[in-house]
Amino acid sequence: MGAWSALAATDPAGHGLDLLVFWVNILVLVAVSHLFGLVMRRVGMPSVVGALLAGLVLGPSVFGVVWKSGFEWFLPEIGQGDQWAYLAAVSWVGVALLLVVTGFETDLGLITKLGRSALLVTAGSLVVPLIGGIVVGMLMPSLFLGEDAERLTFTLFVALALAVSSLAVVAKILSELGLMRRDFGQITVAAGMANDVVGWILLGVFTGLATSGGVSVGQVLATLGGIAAFGVLALTVGQRLVDSLLRQVRRTGSSVAAALTVCMVTMLAFGVATEWLGVEAVLGAFVAGVVLHRSRFQHEDVIHHLEGLTNALLAPVFFATAGLQVDLRLLNNAEAFWWALIVLAVAVVFKFAGAYGGARLAGRTHRAGLALGAGLNARGTLEIVIATVGLSVGVFSPTAFSVIVLVPVLTSLFASATLRGVVNNWQGTPDEQERLGREQALSRNLVVRTSRLLLPSQGGPESIAAAQVLHFAWPVEAGATVLTVGDRDAEVDITPLRNVMHDRSLEHRRVRGDDPVRAIIEESRLGFGVIGLGAQDYTDTHQVVSPLVDGVLSESPIPVVVVRRARNLDRPLPGAFSRAVVPVTGSPVSRAAQEVAFNLSAQLGTELHLTHINTVRSEPAGLPSLFSRRMIARSGSIVGVQMVAQAEIHAIELGATVRTMVKDGTSPADEILDLARDIEADLVVMGANLRRVGDRPFLGHRVEQVLRDCDTTVVVVLIPFDL
């Protein structure tokens, strides 16, 4: 006898069999959902459509007809019983994780900029379908009403079910189509969130009306106040608490698992809070995702782990479970069938019209209005809950329940198909294209990203020069932390740094201690993307740059940008940089240096001289040697031209001003120094791998020679060799 059979035999309640069926449920739902999702992707549809169809096929409408006894074993009771409770639990966890991922991709700053549009679209997408639902609810025949239902409560439930969207389904469709970062995508997410909040509040109001015949105004106001208070506390106190926990994870050097634990605990805590307020727990999960994403101490790999687990296992269960509850057999008479079509048509048309109208009133384009109307037509969990509550309190008949549950499945199919068609070959406004292009370029970069900048400083002119380079090379979205190590009571004036970085978020941290290198390294582990170090002109030949810089370079776990000011400057800032030499090679570190130089040029108008040095060995004269040298030089020149041309294309895309050249020489460092003197450059930007040789950093002979012999400002972008 197998283990499960033995357990079932010794368990009078049959819990062993229940668990076996549960595991079979999960296996079949996940496998069939992915299979259908693969088919949908092949035809250009999101995989979420496949998961919804998988549930429909595995439900009573198909599986229950084709193999009745097998279906009764597979799913004994739809919507009730222990078996359904198991599935529902996994489904709720799945949708919660899905909304955490959505929160990670939600940009509150962008939504704030689009605030008027989001407000008008939200209003239109709720009010217009509510009106349509009221009209339909008043006209639907008694076949759809529960035994003791009043027409008013029935109408309100129908209107609510047709009016609200599903944030989870909307977000999944947008994500799979790669539309989340589009302007209309962020408006859709904002409107979907508002739809969920309003929907849950109205469901509580209408349920109270159905069960007691009245509504408690005080309870409604308490719920609204609770939600507002929760939002404020989550984004203030909650944000600080999450930052503190993730900061501790970073400081102790813990793995991604520790950061993932913080995410899970935050999701559960926020979910408990919103559930206690009488609103869906997954709304709290969405806010948790926003808070977690806003933390600058968040581990960059957490989102990938969350997406992997959610998309592979839990999200398919959630979407397939929605489809399981549709029983098309209840629409076997003409009246029920035609009214189902009417309900579906009203749900689609009125929602589309409301969202489109709101978008147009907000000044959005025709295509944007169509995209918003299509996206917000996706329904999901909330509609199913509305149908379930309506059935349980006697407002809906089983036929009405089946019609209402069918709406989210079919409208989600409609939303996926129409949204894909609407956005085909649509690039958006010029401003949106510029933003998306910038975000895409940043995502491909090695060092110039939106991660926070760390700038150690005692207020000296060398750190002011470093601040200038970081400020003009990095996007303004990247905040900066000025770190001062030493006596906390000592006077350190960072006003010049604030003036340089005037339009970005700037924090000043003072750390007590007499080991600045150790303090900088410990701080750099707390979620920073790069360290900016201003370097003095140190003449000790035993040092590469200076004791502090060498110490940081010997231990830094993240990229470092070293800015050594021009010699004999009589002012704090090195100037606006009119001309710069940028050596070009095919290495990643050269590309990292180009990222810095191109952004500086785009901001300051610096003329960049992109230069590839083709190294030619010096050998004794002779026919074989001469022929060999010429062949090698020609081959190197061809490769160099290609490298420089590719760099020039990237530079032009970013708005940089460039000139290009390929030079032959026996010493790259000498050629760079000669070129800098010939064109009277006031800046040299180079890249290098950061290696450690014993207790000394090694930047490469070329870089170290330029740092030693060049009189102009030198910027060296250093990437740890083990990154």
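1. Helix α3 covers residues 47–58, and its length is consistent with its residue count: at 1.5 Å a residue, 12 residues should span 16 Å, and the end C-alpha atoms lie 17 Å apart, which agrees. The model is a predicted one.

2. Helix α3 is mostly covered, with 10 of its 12 residues buried. The buried set consists of Ser 47, Val 48, Val 49, Gly 50, Ala 51, Leu 52, Ala 54, Gly 55, Leu 56 and Leu 58.

3. Thr 274 belongs to helix α13, which runs over residues 256–276. Its relative accessible area is 2%; the cut-off for buried is under 20%, so Thr 274 counts as buried.

4. Leaving out residues up to four places away in sequence, Thr 274 is in contact with Phe 230, Val 279, Glu 280, Ala 281, Leu 283 and Gly 284.

5. A packed pair of helices is described by the angle between the axes and the distance between them. For α27 (residues 668–678) and α28 (residues 701–709), the axes come within 9 Å and cross at roughly 35°. The crossing of α27 and α28 is right-handed.

6. On the α27 side, the contact is made by Pro 668, Ala 669, Asp 670, Ile 672 and Leu 673. On the α28 side, Arg 702, Gln 705, Val 706 and Asp 709 take part. By class, the contact of α27 with α28 has five nonpolar, one polar and three charged residues.

Terms used: Residues numbered from 1 in each chain as written. Predicted model: local features only at pLDDT ≥ 70, side-chain atom pairs only at ≥ 80, totals over all residues. Heavy atoms only, no water. Helix = DSSP H or I, 4+ residues; strand = E, 2+ residues; numbered from the N terminus. Buried < 20%, exposed > 50% of the residue type's maximum accessible area, 1.4 Å probe, protein only. Contact = heavy atoms within 4.5 Å. Axes fitted to C-alpha atoms, helices over the stretch in contact; angles between N-to-C directions. Left-handed = near helix turned anticlockwise from the far one by under 90°. Nonpolar A, V, L, I, M, F, W, Y, C, P; charged D, E, K, R; others polar. Expected span 1.5 Å × (residues − 1).
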